[in-house]
Amino acid sequence: MSTNEHQEGYWRIVWRRFKQHRVAYVGFFFFVFLLLLVILGPHVVPYQHDQVSLGKRMHMPSSSHWFGTDELGRDTWVRIMYGGRVSLAVGLIVGFSTVILGGLIGILAGYVGGVVDNALMRIVDVIYTIPRIVLLLVLSKLAGPGLLNIIIILVALEWTNAARLARSAVLSFREQEFVLAAECLGASRWRVMLRHLLPNSLAPLIVAATLDAGAAIRAETTLSFLGLGIQPPTPSWGNLLTNAATNIFIAPLQVFLPGLFIFFALMSFNLLGDALRDALDPRLAQVRR
């Protein structure tokens with residue numbers, strides 16, 4: 001890194017690299033667009049997500065019902081927007097929670113080492129050994145459906161990736177001068193971890209947050225589609241697919257539209273993660289060029 005870059009500041013340099021990444025604009029645009037759409041979308045039509053109208057069942061898109069209606073005459077546009085609130089909330093909450101939990105565990109394991117490191121990493125290995133979908137289905141069945149249960153289960157399964165990344169980062173600079181200086185000045189272990197190691201581990205954790213958010217949306221969709229996730233009448237993109245699957249030949253748009261929104265949400269998180277990875281690690285950007 002040049003002298004000018006040192007003077008400019010690390011995060012300002014990251015922001016500049018991020019803005020120069022074309023993929024970042026695409027991912028950021030889709031993410032902001034979806035976020036605004038699910039927040040404001042239900043307010044632009046005069047319907048509620050649970051408003052039943054049996055006389056308007058399975059209507060095609062029209063000026064009064066932009067995405068048509070479902071098997072109970074409920075407005076599909078409103079239900080997809082409300083479902084997006086639930087699915088995106090799951091993704092964002094799980095993404096941030098896994099990074100906080102996994103980051104702290106990884107930093108603790110990497111800095112303390114010894115028995116603590118071995119014990120925590122063996123737990124990570126056990127979780128990785130069991131097929132993720134099997135563990136997800138078993139825990140969901142035991143805990144029961146519901147938004148809170150789904151979030152807790154996903155956080156309990158997804159923190160391992162952030163823990164490994166944080167541990168790897170801490171091991172790379174645990175013996176560097178700024179850590180040794182803090183220890184020599186009498187800083188406690190917790191102060192060293194939170195004040196010095198955590199800020200320097202943020203780069204991989206930020207990338208992990210975007211990828212974990214996308215993985216959480218995908219997992220929630222899978223569970224809701226199988227009937228183990230968010231339960232009707234609360235809509236989510238997953239259970240909207242479940243309800244529409246029985247009428248796929250009568251109203252294929254009822255399946256296509258929730259799937260399209262899921263695709264754009266996952267694409268936005270993956271593109272943001274890809275752009276952040278390049279911005280935070282300039283070596284990757286140079287390789288891709």
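Visitor: Hey, what volume does the second largest cavity have?
Guide: That second largest cavity holds about 40 Å³. A cavity here is a set of points on a 1 Å grid over the protein atoms alone where a 1.4 Å probe fits but cannot get out, and lining residues have an atom within 4 Å of a point. Grid points are joined across faces, edges and corners, and the volume is the space filled by probe spheres set on the points.

Visitor: Before we go on, what kind of model is this?
Guide: This is a predicted model, where local features need pLDDT of at least 70, side-chain atom pairs count only at pLDDT 80 or more, and totals for chains, interfaces and linings use all residues. Residues are numbered from 1 along each chain as its sequence is written, and side-chain values use heavy atoms, with hydrogens and water left out.

Visitor: Got it. Which residues line the second largest cavity?
Guide: Its lining is Leu104, Ile107, Leu108, Trp190, Met193 and Leu194. The elements giving two or more residues to that lining are α4 and α9 (189–200). By class, you get 6 nonpolar, no polar and no charged residues. For those classes, Ala, Val, Leu, Ile, Met, Phe, Trp, Tyr, Cys and Pro count as nonpolar, Asp, Glu, Lys and Arg as charged, and the others, Gly among them, as polar.

Visitor: And how many cavities of 30 Å³ or more are there?
Guide: The count comes to 2. The largest cavity contains about 110 Å³ of space. It is lined by 13 residues, and Asp70, Glu71, Leu240, Ala244 and Gln254 are the ones nearest its centre. Two or more lining residues come from each of α4, α11 and α12.

Visitor: Let's zoom out. How many helices and strands does the chain have?
Guide: There are 13 helices and 0 strands. Both are DSSP runs numbered from the N terminus: H or I with at least four residues for helices, E with at least two for strands. The C-alpha trace spans about 75 × 45 × 30 Å along its principal axes.

Visitor: How much of the chain is buried?
Guide: Buried residues make up 45% of the 289 in the chain. Buried means under 20% relative accessible area, exposed means over 50%, and partly exposed is in between (1.4 Å probe, protein chains only).

Visitor: What's in the largest nonpolar core?
Guide: That core has 34 residues, and those with the most contacts inside it are Phe18, Trp77, Ile80, Leu88, Trp237 and Phe261. The elements giving two or more residues to this core are α2 (10–20), α3, α4, α10, α11 and α12. Helix α12 gives the most, with 11 residues. A nonpolar core is a set of buried Ala, Val, Leu, Ile, Met, Phe, Trp, Tyr and Cys residues joined through side-chain atoms within 4.5 Å. In soluble globular proteins, nonpolar side chains tend to be buried together.

Visitor: Pick one residue there. What is Leu88 in contact with?
Guide: Leaving aside neighbours within four places in sequence, Leu88 is in contact with Leu34, Leu35, Val38, Ile217, Trp237, Ala265 and Phe269. Contact means heavy atoms within 4.5 Å.

Visitor: New topic: where does Leu72 sit?
Guide: Leu72 is in the loop between α3 and α4. Its relative accessibility is 32%, so Leu72 counts as partly exposed. The C-alpha atoms of Leu72 and Leu54 are 5.5 Å apart, although the two are 18 residues apart along the chain.

Visitor: Last one: is Asp117 buried or exposed?
Guide: Asp117 is buried, with a relative accessible area of 9%. You'll find Asp117 in helix α5 (residues 114–129). Not counting residues up to four places away in sequence, Asp117 touches Ala109 and Arg167.

Definitions and conventions
On a 1 Å grid over the protein atoms alone, a cavity is a set of points where a 1.4 Å probe fits but cannot get out, and a pocket is an open set with protein on both sides within 12 Å along at least five of seven lines; lining residues have an atom within 4 Å of a point.
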